[in-house]
Amino acid sequence: MLKTADGGKTWQEFKDVTYKSLRGISCPNASTCYAVGGSGIVITTADGGQTWQEYQTSHTSGNLLRVACTDNKTCISSGVGGDTVVTTSNGGLTWEERATGLTRQAREDLTGLTCYPPTSCLGVSRHGPILATRDSGLTWNSLVPKAPTNLRTLSTARH
């Protein structure tokens, strides 16, 4: 895992972070980050990456592939097949499984998540809709029921 504090001019490697199966990371501020990966693993830092705490989500042993956070305690993560969407509102101590309202085909490739404060997130799937939640992942609505296929990621601008 690498970190930059100068806009990418130099990079620092964290040699003691040896989780080889990490797949996604979200940093809602300069000191707090969440990384997710294989077997439902979640690691968090509250000190800019100097130390990391490992958590295991209680609702999945599948691979978590992406994570997005609305603030330093509230995040959403999704995993292999999109069948797994989990949320935390207490800094990663506990995670709850959430229903997306997607068809099985659409769940198979929930490929992108992005969040913006205070409680809103967007998700995209290669097989269809652009989704939105305004309550940190508790409920989801389809913004664009049949978006172009092969959407893989999205991002929001923070103001």
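Predicted model: local features only at pLDDT ≥ 70, side-chain atom pairs only at ≥ 80, totals over all residues.
The largest nonpolar core is made up of ten residues, namely Tyr34, Val36, Val42, Tyr55, Leu64, Val67, Cys69, Cys75, Val86 and Trp95. At least two residues of this core come from each of β4 (33–37) and β7 (64–69), and β7, with three residues, gives the most. In soluble globular proteins, nonpolar side chains tend to be buried together.

Strand β8 (residues 75–79) is mostly covered, with five of its five residues buried, and this burial extends to both faces, Cys75, Ser77 and Gly79 lying on one side and Ile76 and Ser78 on the other. β8 runs antiparallel to β7, to which five bridges join it, and the two strands form a hairpin with five residues between them; within this pairing, Ala68 has Ile76 as its bridge partner in β8. Four bridges also join β8 to β9 (residues 85–88), again in an antiparallel arrangement, and here Cys75 stands opposite Thr88. Leaving aside residues up to four places away in sequence, Cys75 touches Tyr34, Val67, Ala68, Cys69, Val86, Thr87, Thr88 and Trp95.

Ala5, by contrast, is situated in the loop between β1 (2–3) and β2 (12–13), and counts as exposed because its relative accessibility is 76%, where the cut-off for exposure is over 50%. The C-alpha atom of Ala5 is separated by 8.9 Å from that of Ala30, a residue 25 residues apart from Ala5 along the chain.

Definitions and conventions:
Residues numbered from 1 in each chain as written. Heavy atoms only, no water. Buried < 20%, exposed > 50% of the residue type's maximum accessible area, 1.4 Å probe, protein only. Core = buried A, V, L, I, M, F, W, Y, C linked by side-chain atoms within 4.5 Å. Contact = heavy atoms within 4.5 Å. Pairing = 2+ DSSP bridges.
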